[in-house]
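Colleague: I'm new to reading models like this one. Please pick one spot, take a close look at it, and then walk me through how the rest of the chain is laid out around it.

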Amino acid sequence: MSPIQRERGLIADAMKPLEELEVEILRAERPPFDKWYRKTWIRRETKASNVHRSYEQLRVFLTSGRRSKLAEPEGAARPDLSRFCLPGNNCSGRSMATPVKKPPASPLRLTA
């Protein structure tokens, strides 16, 4: 058996259980757990917490003609957190600061 044939056999052996795992993950992702294992800024492409990582790495390797590996998209390590900024809550960094609006002055004055 040539080294290339041996390599193809090992890849085929590795792909079958990974495809079965992907099917099991899809079955498990039903309400209320739908999209439970989707990628997030914490569970990125190349991190161990991504349950799809092994399958995706092997697919990228195969589809690139055994030349590429799984890579993180640009900016994945620094997500845009501005959507979580609430009035009065300064998010990380100066650019994330949300100005606090003061309530309007009451027209009534209390006198003693």
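Modeller: Let's start at R66, which sits in the segment after α2 (helices, H or I over at least four residues, and strands, E over at least two, are DSSP runs numbered from the N terminus). Keep in mind that this is a predicted model, where local features need pLDDT of at least 70, side-chain atom pairs count only at pLDDT 80 or more, and totals for chains, interfaces and linings use all residues. Residues are numbered from 1 along each chain as its sequence is written, and side-chain values use heavy atoms, with hydrogens and water left out.

R66 has 37% relative accessibility, so it goes down as partly exposed (under 20% relative accessible area is buried, over 50% is exposed, and partly exposed is in between, with a 1.4 Å probe and protein chains only).

Stay in that segment after α2 and you'll also find A71. Because its relative accessibility is 53%, A71 counts as exposed. A71 still has partners: leaving aside residues up to four places away in sequence, A71 touches E45 and T46 (a contact means heavy atoms within 4.5 Å). A71 and E45 are 26 residues apart in sequence, but from C-alpha to C-alpha they're 6.9 Å apart in space.

Now step back to the whole chain. How many helices and strands does it have? There are 2 helices and 0 strands. The chain is 112 residues long, and 16% of them count as buried. If you take contacts between residues at least 6 apart in sequence, 43% of them join residues at least 24 apart.

How do the helices meet? α1 and α2 pack at about 135 degrees, and their axes are 9 Å apart (axes are lines fitted to C-alpha atoms over the stretch in contact, and angles run from 0 to 180 degrees between N-to-C directions). That's why α1 and α2 are called oblique to each other (under 35 degrees is roughly parallel, over 145 roughly antiparallel, 65 to 115 roughly perpendicular, and the rest oblique). On the α1 side, the contact is made by I11, A14, M15, L18, E19 and E22. On the α2 side, S54, Y55, L58, R59, F61 and L62 take part.

From L21 to Y55 you count 34 residues in sequence, while the C-alpha atoms are 8.6 Å apart in space.

α1 covers 3–28 and α2 covers 53–63, and P32 is found in the loop between them. Look at the peptide bond from P31 to P32: this bond is cis, with omega near 5 degrees. E29 is found in the loop between α1 and α2 as well. Is E29 buried or exposed? E29 is buried, because its relative accessible area is 19%. Not counting residues up to four places away in sequence, E29 touches D34, K35, W36, Y37 and R38.
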